[in-house]
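Let's take a friendly tour of a protein model, starting where its chains meet and then moving inside. Keep the 3D view open as you read.

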Amino acid sequence: MSWPSCLRLLVADVCIHVEVRAEAFLPWSELEQWSYGDAALAVFVGRVRVEGQNGISIDALEIEHYPGMCEARITKDAEVALASHGANSVLVLHRVGRLIPGEVIVLVAVTADRRGPAQRCCSSLLEALKHEAPFWKREWSAEQGIWLEGNTPL
Amino acid sequence: MPNSQSSVLKVRLFASLRELAGWHERTLILADLDQSTALAVWEELQLGPWFPGLRIAINWQFAEPEQKLVAGDELAFLPPFTGG
């Protein structure tokens with residue numbers, strides 16, 4: 001089964017763009033290219049840690065996802081978050097593949113008419129993504145890979 | 001969405017489960033699909049005891065272990081998520 005790695009949903013004034021990428025991206029360049037007209041923009045950028053969850057320096061972080069379900073799940077969560085917080089648009093970009101420390105993993109951006117809805121929606125959607133979207137990380141150090149068993153605390 | 005097909009079930013594994021099993025996708029033909037649940041398939045696959053945090057998706061929707069399966073379903077066993 002094939003599935004596009006990008007889902008774009010445009011309903012009324014609400015716009016959702018969700019994309020899983022195998023290639024590195026620059027979040028600030030992506031934001032400049034993202035079309036939005038609202039006054040408020042909230043942004044979260046997550047990067048690969050230098051140290052793994054066991055405190056040891058890592059060489060790389062491998063990220064895997066469930067193609068299709070992952071994009072559909074994030075899109076659904078974005079719809080719910082936008083409606084719950086009264087925000088207007090969402091951009092989610094998430095990496096898969098092998099990343100090095102410092103490399104960008106995820107960009108979540110939300111626009112709204114005011115800062116409150118934008119910030120709350122961004123935070124809510126990020127937590128939904130971390131707990132409900134089928135991604136898995138494996139930390140590599142000295143050619144040993146360890147699948148992570150849970151997220152870091154909020 | 002996954003397409004419905006006759007009398008077959010697609011099973012998918014990811015991440016640590018895939019490496020534990022040594023395969024990522026398998027097509028099962030169950031003798032009595034009407035009586036099959038995700039939990040029954042898990043036990044048949046002999047991948048060890050059910051563990052906390054293990055989740056199920058049927059046709060990309062989260063499901064309970066006791067949910068009945070129908071022909072053409074795509075059943076995925078999902079270890080705890082660590083994205084973002």
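This is a predicted model. Across the interface of chain B and chain A, the rule finds three salt bridges. One pairing to look for joins the side chains of Arg18(B) and Glu64(A), which meet in a salt bridge at 2.5 Å, N to O.

**Where the chains meet**
- In total, 22 residues of chain B are in contact with 28 residues of chain A.
- About 2,100 Å² is buried between the two chains, and carbon and sulfur atoms give 59% of that area.
- On the chain B side, Trp60(B), Thr82(B) and Gly84(B) lose the most area to chain A, together 36% of what that side buries.
- Between the chains there are 14 residue pairs in polar contact.

**What chain B brings to the interface**
- The elements giving two or more residues to this side are strand 1 (9-13), helix 1 (15-21), strand 3 (55-58) and strand 5 (74-78) of chain B.
- Helix 1 of chain B provides the largest share, with four residues.
- Sorted by class, the side of chain B that touches chain A has 12 nonpolar, four polar and six charged residues.

**Inside the protein**
- The largest nonpolar core has 32 residues, and Ile74(A), Val92(A) and Phe135(A) are among those with the most contacts inside it.
- Helix 3 of chain A supplies the largest share of this core, six residues.
- Val92(A) touches residues including Ile74(A), Val108(A) and Leu129(A), not counting residues up to four places away in sequence.
- Apart from this core lies another, of 19 residues, among them Leu17(B), Leu28(B), Ala38(B) and Leu45(B).

Note on methods:
Residues numbered from 1 in each chain as written. Chains lettered and ligands numbered in written order. Predicted model: local features only at pLDDT ≥ 70, side-chain atom pairs only at ≥ 80, totals over all residues. Heavy atoms only, no water. Contact = heavy atoms within 4.5 Å. Buried area = accessible area lost by both parts, 1.4 Å probe. Salt bridge = Lys/Arg side-chain N within 4 Å of Asp/Glu carboxyl O. Polar contact = N/O pair within 3.5 Å; in protein donor to acceptor, adjacent residues only side chain to side chain. Nonpolar A, V, L, I, M, F, W, Y, C, P; charged D, E, K, R; others polar. Core = buried A, V, L, I, M, F, W, Y, C linked by side-chain atoms within 4.5 Å. Buried < 20%, exposed > 50% of the residue type's maximum accessible area, 1.4 Å probe, protein only.
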